[in-house]
Amino acid sequence: MTIYIGLLRGINVGGHHKIKMADLKNLLESLGLQKVKTYIQSGNVLFESVEEAEQLSKKIEEELNNTFGFPVPVVIRTAEELQQIIQDCPYSTDMLSEGESVQVAFLGGEPSREGINHMYSYNNDLEECKIKGKEVYFYFRKSIRDSKLATQLPKLRVPATVRNWKTVLKLEDLSKSF
């Protein structure tokens, strides 16, 4: 069995696309996933399965759409991949000042060179990103709310969902409890 972290995009944000975590847990268990755990209301779920990540992502997306009536992109990483993502973070996360943050965009596929170059063209003194594989690491010296860089994420033309560094670390911690 492989331990997976499923990251659902765009649920329970601003009162839109509401999914109760108990309903999400029940739905995933009905698909045969084991030891399903959710973390906070923003669509983080951990589980075990013998299936491959790509197959699981499609299966979960289809069932979410059928059950709740709206599409929900699902990005999946293994517990080992999440550990590597944390190790690969190019930014120091130990001593962030007030207002600074590190965020990770988990991508549903490999971005094109054109998309990567487009993202890099928005790096500046207040915000920057570094892309490694299927992750975009963001460093914001001020709030992400006013970010021009973060709004460029759709230009990568792959599904993406963003988590703050605290959530990434908590998901890794939870994955170790399996």
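Modeller: Let's begin with burial: a residue is called buried under 20% relative accessible area, exposed over 50%, and partly exposed in between, using a 1.4 Å probe and protein chains only. By that rule, 44% of the 178 residues of the chain count as buried. Please keep in mind that this is a predicted model, where local features need pLDDT of at least 70 and side-chain atom pairs count only at pLDDT 80 or more, while totals for chains, interfaces and linings use all residues. Residues are numbered from 1 along each chain as its sequence is written, and side-chain values use heavy atoms, with hydrogens and water left out.

Biologist: How do you know that the radius of gyration of the chain agrees with a compact globule?

Modeller: The radius is taken over C-alpha atoms, and the globule rule is 2.2 Å times the number of residues to the power 0.38. For 178 residues the rule gives a value near 16 Å, and the chain has 16 Å, so the two agree. The C-alpha atoms fill a box of roughly 50 × 30 × 30 Å along the principal axes.

Biologist: What makes up the chain in terms of helices and strands?

Modeller: Helices (H or I, at least four residues) and strands (E, at least two) are DSSP runs, numbered from the N terminus. The chain has five helices and eight strands, and their pattern along the sequence is β-α-β-β-α-β-α-β-α-β-β-β-α.

Biologist: What makes β2, β3, β1 and β4 an open sheet?

Modeller: Two strands pair if DSSP finds at least two bridges between them. β1 and β3 have six bridges, and β2 (residues 34-39) has four with β3; both pairings are antiparallel. The order of the four strands is β2-β3-β1-β4. β2 and β4 are at the edges with a single partner strand each, so one side of each lacks a neighbour in the sheet. Neighbouring strands are turned by 20° against each other on average, direction ignored; axes are lines fitted to C-alpha atoms, for helices over the stretch in contact, and angles run from 0 to 180 degrees between N-to-C directions.

Biologist: Which residues are bridge partners in β3?

Modeller: Ile3 has Glu48 as its partner, while Val45 is the partner of Thr38 and also of Gly6. In the hairpin of β2 and β3, with four residues between the strands, Ile40 takes a positive phi near 45°.

Biologist: Why is β3 called largely enclosed?

Modeller: Six of the six residues of β3 (residues 44-49) are buried, so the strand is largely enclosed by the rest of the structure. In a regular strand, side chains alternate between the two faces of the sheet. Here Asn44, Leu46 and Glu48 are buried on one side, and Val45, Phe47 and Ser49 on the other. Helix α1 (residues 21-30) lies across β1, β2 and β3, and helix α2 (residues 53-68) lies across β1, β3 and β4.

Biologist: How do you know that the buried residues of α3 are on the same side?

Modeller: The buried residues of α3 (residues 79-87) are Ala79, Leu82, Ile85 and Ile86. They cover an arc of only 115° around the axis, judged by the directions from the helix axis to the C-beta atoms, so they are on the same side of α3. The face turned away carries the exposed Glu80 and Gln87. Counting a contact as heavy atoms within 4.5 Å, the buried residues pack against β1, β4, β5, β7 and α5.

Biologist: Why is Glu135 called buried?

Modeller: Glu135, in strand β7, has a relative accessible area of 7%, so it falls under the 20% cut-off.

Biologist: What joins the side chains of Glu135 and Arg77?

Modeller: A polar contact of 2.7 Å. The term asks for a pair of N or O atoms within 3.5 Å; within protein, one must be able to donate a hydrogen and the other to accept it, and residues adjacent in sequence count only if both atoms are side-chain atoms. Leaving aside neighbours within four places in sequence, Glu135 also has contacts that include Ile85, Val104 and Lys130.

Biologist: Which sheet holds β7?

Modeller: An open sheet of four strands with antiparallel pairing, in the order β6-β7-β5-β8. Its edge strands are β6 (127-132) and β8 (160-164), each pairing on one side only.
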